[in-house]
Amino acid sequence: MNARHARYPFLGDARAAVQEAGVDLARVVDEDDAVVERARERVVGALTDGAIGEQGSNVSNRVELLSYPVARVLVSVVDENVLVRKYAEAEAKAAHERFTADETDESELKSVGDDGSLSRADLLREFDLTSHVHATSEGYDVAVPTYLLLSSSLRGDEWRLVNRALDDGRVPVSESELDALLREAVRERVADDLPMNVPDAIADALEAPATAVRDVLADMDLTREIDTVVPELFPPCMKHLLDQVQRGEHLPHHSRFAITSFLANIGLTTDEIVDIYAVNPGFGEEMTRYQTDHIRGDSSPTEYTAPSCATMKAYGDCTNPDDLCDAINHPLSYYEVKLDDGEDEDLEDWREREEREADA
Ligand code: SF4
């Protein structure tokens, strides 16, 4: 287990090194406090700072490397979408910072290949991209399918294919743009299969750090974050259904369930939902209240979650999907991502509106 494995633990090589060393993860989480502590630090740091932190001088390469698979297990034990997303982003951010620094590092250690560095070419090989990405006199070009795959989660109009100059079926990109695409490849690999099924013995051994992570999540009040109601940031499908409700149109049961459960999941009270439906002549208040309480779990043993994108599509309720829809698989995730983007103009407008109303 060398420095490169420790700095880039998502590499196939690093995984092979763990396997070759015959590491028993159940034993590690049970007995190796240093590994569990560094894993906890990775995950908590991802939540609080968007960063996994650096390998301390007293942390060996072995501990640093093993803390990565243990962190993935820890994320799986806590099992929250927002945690998977933030953790994968933080690991990808660290990798991006490291390999872009390695690319420009001309130090002596690098020349003897002993500093754990990784080049852009190494990463292209790692992700089987060498035949899809070519160097050009001005940077690189990327085959269209590969470009679409890697850029699908990147925000910003500049990444949309319609805004790119195509060159013979390939997309020219700068070095820094290629690095951003590689960062996406890392993010996807980190998030791959998360959350995993974790055997009970391992989950039990990680109960203390899992509780610590849950406490951080609770303190950050990410649930309140999603409790914020900003209709401008709703996914297109829910905007459309809400529009129909407010125009007094009749909705089939599955559509009514979709919008009601979505509104309940983001924190609207039964009274607030009843008020929204009150404009619709097809809804008696009593029935609406009963259905809403049922969905909210107030009058039933289950709190229902809004349907996934797959279910929405199957029922014909997926309307006008946009670019962000390509990157998510649940309308709540769409909303969560939008809310998370604090720069979003709609959210700023909403905050100003809220402040004005509070002052009035
Ligand atoms: S892809 Fe999902 S979030 Fe987007 S419009 Fe369709 S159902 Fe809604």
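Angles under 35 degrees count here as roughly parallel, over 145 as roughly antiparallel, 65 to 115 as roughly perpendicular and the rest as oblique. This is a predicted model, where local features need pLDDT of at least 70 and side-chain atom pairs count only at pLDDT 80 or more, while totals for chains, interfaces and linings use all residues. Residues are numbered from 1 along each chain as its sequence is written, and side-chain values use heavy atoms, with hydrogens and water left out.

A few more conventions before the tour. Helices (H or I, at least four residues) and strands (E, at least two) are DSSP runs, numbered from the N terminus. Axes are lines fitted to C-alpha atoms, for helices over the stretch in contact, and angles run from 0 to 180 degrees between N-to-C directions.

**Helix pairs**

| Pair | Angle | Axis distance |
|---|---|---|
| H4 (residues 33–48) and H6 | about 100° | 8 Å apart |
| H6 (residues 81–104) and H19 (residues 331–340) | about 50° | 11 Å apart |
| H15 (residues 253–265) and H17 (residues 285–296) | roughly 60° | within 10 Å |

Start with H4 and H6, which are roughly perpendicular to each other because of the angle between them. On the H4 side the contact (heavy atoms within 4.5 Å) uses Arg42, Val43, Ala46 and Leu47, and H6 brings Leu83, Lys86, Tyr87, Ala90 and Glu91. For the class counts, Ala, Val, Leu, Ile, Met, Phe, Trp, Tyr, Cys and Pro count as nonpolar, Asp, Glu, Lys and Arg as charged, and the others, Gly among them, as polar. Sorted that way, the contact of H4 with H6 has six nonpolar, no polar and three charged residues.

From H6, the residues Asn81, Val82, Arg85 and Lys86 meet Ser333, Glu336, Val337 and Asp340 of H19. That contact of H6 with H19 splits into two nonpolar, two polar and four charged residues. Lys86 is worth a click: Lys86 of H6 turns up in the contact with H4 and also in the one with H19.

H15 and H17 are likewise oblique to each other, and H15 passes H17 in a right-handed crossing. Arg256, Phe257, Thr260, Ser261 and Ala264 of H15 touch Gln291, Thr292, Ile295 and Arg296 of H17. By class, the contact of H15 with H17 comes to three nonpolar, four polar and two charged residues.

**The sheet**

Now the strands: three of them form an open sheet in the order S1-S2-S3, with antiparallel pairing. Two strands pair if DSSP finds at least two bridges between them. S1 (133–135) and S3 (170–173) are the edge strands, each pairing on one side only. On average, neighbouring strands of this sheet are turned by 25° against each other, direction ignored.

S1 and S2 (residues 140–143) pair over three bridges, one of which partners alanine 135 with tyrosine 140. Four residues sit between S1 and S2 in their hairpin, and glycine 139 in the turn has a positive phi of about 155°. S2 and S3 are joined by four bridges, with valine 142 facing valine 171 as its bridge partner.

Two helices cover this sheet. H9 (residues 144–151) lies across S2 and S3, running at about 90° to S2. H10 (residues 175–191) touches S1, S2 and S3, and its direction makes about 115° with that of S3.

Most residues other than glycine have a negative phi, and most peptide bonds are trans. The loop between H10 and H11 has aspartate 193 in it, and aspartate 193 shows a positive phi of about 70° without being a glycine. Proline 195 is placed in the loop between H10 and H11 (200–205) as well, and a cis peptide bond with omega of about -5° joins leucine 194 to proline 195.

**Ligand**

Which residues surround the ligand? The shell (a heavy atom within 4 Å) is made up of Pro235, Cys237, Cys309, Met312, Cys318, Thr319, Pro321, Cys325, Ile328 and Pro331. By class, that shell has nine nonpolar residues, one polar and no charged.

Key:
A crossing is left-handed if the near helix is turned anticlockwise from the far one by less than a right angle, and right-handed if clockwise.
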